[in-house]
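Hello,

Here is the structure for your files. My notes on it follow below.

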Amino acid sequence: MELDRALLREMYYRIRRIRRFEETAEELYKRGTVVGLLHLYIGEEAVAAGVCLALRDDDYITSTHRGHGHVLAKGGDSKCLLAELCGRVGGYCRGKGGSMHAADIGLGILGANGIVGGGFGIATGAALSAKKRNSGQVAVCFFGDGAANQGIFMEVMNMAAIWKLPVIYVCENNTFGQYTRYEEHTVTDRPIGARAEAFGLPTALVDGNDVTAVYEAAVQAVARARAGEGPSFIEARTYRLRGHHMGDVGFARGYRTREELEEYTRREPVGRFRNWLLENNKLSEAEIEAVEAEIEAEMQEAIEFVNSSPVPDVSEILEHVYA
Amino acid sequence: MPDMREMTIVEALREALAEEMSRDPTVFLMGEDVGRAGGVFNVTAGLQAEFGKDRVMDTPISEAGFTGMGVGAALTGMRPVVEILFCDFLTLAMDQIVNQAAKLHYMTGGQAKVPLVVRTLMGAGRGAAAQHSQSLHAWMAHVPGLKVVMPSTPADAKGLLKSAIRDDNPVIFFEDKMSYQVKGMVPTGDFTIPLGVADVKRPGSDVTFVATSSMVQVALAAAEALAAENISAEVVDPRTLRPLDKATILESVKKTGRAVVIDEGHLSYGVTAEIAAIIADEAFDYLDAPVKRLGALDVPVPMVPVLEQATVPNAEQLMAVTRGLFGRRY
């Protein structure tokens with residue numbers, strides 16, 4: 001697939017933007033400004049960016065509880081997202097949801113989710129809805145290797161297959177389900193996609209640290225869904241460079257070594273893509289720096305927005321229980 | 001007065017579903033055998049033939065999956081009516097109902113709306129044993145964000161189901177399997193009953209029976225028999241547990257000074273405890289006797305009818321408890 005310069009620039013913008021957002025959130029957490037639980041997406045940026053680049057603005061996604069990357073990749077507002085992590089009224093959910101429930105329903109972002117595998121039903125139902133409305137929309141369900149072991153995954157793949165629903169299951173295999181390694185919690189003599197193949201879904205296994213590979217797989221799956229040919233499955237192999245949550249690194253809990261983390265840090269997707277762009281003369285250093293400057297300015301704006309947005313008044317507590 | 005027709009609860013539910021599907025193209029039904037077979041209790045009989053397979057969908061036996069899909073469809077412009085065949089099977093879909101549907105509006109700061117109806121079946125009485133006979137409405141009513149409806153008459157069934165479908169919140173709609181053939185007059189046409197409005201099923205002056213779903217018939221039978229003993233019982237049917245019409249319940253108790261709460265859920269930690277507590281808390285000065293409660297025995301529902309019947313409150317028990325409130329022993 002020939003990827004033009006504008007698209008490559010956009011790819012770099014999206015993965016770099018996620019990385020800098022997460023680093024900003026991490027910094028604000030350490031300062032006490034981010035007040036809730038925080039699960040960082042650092043190292044996995046290419047998955048969200050590659051998939052969402054293949055989507056239309058009105059398509060749907062469901063996210064995980066490591067969801068900032070998906071929200072941003074689908075066009076989410078970094079100010080509203082950062083403010084949500086900090087529990088401010090300017091946040092996406094007025095501080096009521098936090099990191100694990102960030103959503104922008106108007107952008108088709110049907111929510112991060114605190115339940116591992118919580119998006120399976122919602123995404124598949126959104127695809128059913130799109131099909132009923134003949135809207136041409138597709139739904140993407142992002143989930144982790146951990147969520148692949150929830151039973152509902154099998155239930156919805158079966159229904160998506162029998163009803164030919166426009167849904168794409170994107171398994172973001174980041175090597176860990178909380179503190180347990182993929183090869184310890186899952187049968188690995190076959191890939192997770194073997195489960196999808198059992199329901200007749202086309203599957204792809206891609207390097208999740210290669211944004212172009214993820215994008216190309218997503219384009220195919222989206223085309224199939226859009227054409228009414230039914231669901232697909234993509235596994236993107238990647239590596240969680242941070243702990244399960246802030247405060248966890250992994251050494252103390254014994255699920256990885258420093259050597260392994262160093263090895264995967266060398267393979268991380270943002271710097272890797274930057275180098276590839278330069279080495280292949282896809283973008284110039286100046287063009288890349290312009291993208292980075294744009295993102296730095298956006299992050300500063302987001303921080304200023306957080307600082308200007310108050311925490312909610314306690315009187316809001318009973319609002320939004322019922323519509 | 002609107003035109004009225006006599007029909008069963010099954011027929012009233014079917015009419016409500018058909019009218020709402022005709023009125024609103026975003027309404028659709030899904031569940032196990034709701035389509036071609038017309039539902040195990042015939043509630044949806046004929047609807048697939050009338051509205052087509054896309055709007056009356058037979059699902060696999062995957063309660064979590066299709067309930068979750070109902071949530072997703074509701075979030076994105078549809079108004080799904082999902083059927084969970086027996087409320088015992090709500091357990092399989094609990095995450096979708098409790099963690100997703102109930103909380104999305106709140107968690108997203110009001111962005112998301114989940115206009116989902118989950119129709120389900122409750123109650124003992126058919127020898128269906130411990131996994132097909134429970135009355136788990138108290139579980140659902142415990143969760144902020146859900147609405148819980150339990151009709152006891154054909155008119156209520158129709159009017160409440162239409163309101164549930166039009167509501168922008170997830171509504172769990174409990175149908176009692178032994179009440180399906182109860183007959184009553186039902187207004188024809190577009191007739192709705194707002195959620196959160198109790199109904200006085202029988203006026204009275206000496207004691208208030210707060211009765212839900214299957215227990216409304218029990219309370220009415222007891223009230224009729226007690227009239228011969230010069231005890232005038234008022235029967236209040238809350239019709240919805242969330243929202244709960246406390247005002248009508250309290251108004252009745254303030255008038256009568258006595259209350260018995262009767263419900264088919266287990267006695268412990270259930271609906272009767274909640275309503276009795278509200279009465280004790282907010283009408284204490286009006287009470288002439290302690291608030292009494294009748295509920296299902298705290299046992300799994302046994303199959304054999306002689307045991308099964310003994311788990312569910314009946315009119316004789318209600319009468320005996322009521323006589324006690326008047327210092328009478330029989």
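**The contact between the chains**

The contact takes in 34 residues of chain A and 37 residues of chain B. Please keep in mind that this is a predicted model. On the side of chain A that touches chain B, the elements giving two or more residues are α5 (119-133) and α6 (152-162) of chain A. The largest share of that side, eleven residues, comes from α5(A). Sorted by class, the side of chain A that touches chain B has 18 nonpolar, ten polar and six charged residues.

**The open sheet in chain B**

In chain B, seven strands form an open sheet with mixed pairing, in the order β3-β2-β4-β5-β7-β6-β12. Its edge strands are β3 (56-58) and β12 (240-242) of chain B, each of which pairs on one side only. From one strand to the next, the twist averages 20 degrees.

Within this chain, β6 (residues 147-149) and β7 (residues 171-176) of chain B pair in the parallel sense, over three bridges. There, Val149(B) stands opposite Phe173(B) of β7(B).

**Strands β13 and β14 of chain B**

Another parallel pairing joins β13 (residues 259-266) of chain B to β14(B), over four bridges. In this pair Val260(B) stands opposite Lys292(B), a residue in β14(B). The chain passes from β13(B) to β14(B) through helix α10 (residues 271-282) of chain B, and this β-α-β crossover is right-handed. Strand β14 (residues 292-296) of chain B is mostly covered, with four of its five residues buried.

Regards

Note on methods: Residues are numbered from 1 along each chain as its sequence is written. Chains are lettered from A and ligands numbered from 1 in the order in which they are written. This is a predicted model: local features need pLDDT of at least 70, side-chain atom pairs count only at pLDDT 80 or more; totals for chains, interfaces and linings use all residues. Two strands pair if DSSP finds at least two bridges between them. Axes are lines fitted to C-alpha atoms, for helices over the stretch in contact, and angles run from 0 to 180 degrees between N-to-C directions. Two residues are in contact if their C-beta atoms, placed from the backbone, lie within 7 Å. Ala, Val, Leu, Ile, Met, Phe, Trp, Tyr, Cys and Pro count as nonpolar, Asp, Glu, Lys and Arg as charged, and the others, Gly among them, as polar. A residue is buried if 20 or more other C-beta atoms lie within 10 Å of its own, exposed if 12 or fewer, and partly exposed in between; C-beta atoms are placed from the backbone. A crossover is right-handed if, with the strands pointing away from the viewer, the path from the first strand over the helix to the second runs clockwise.
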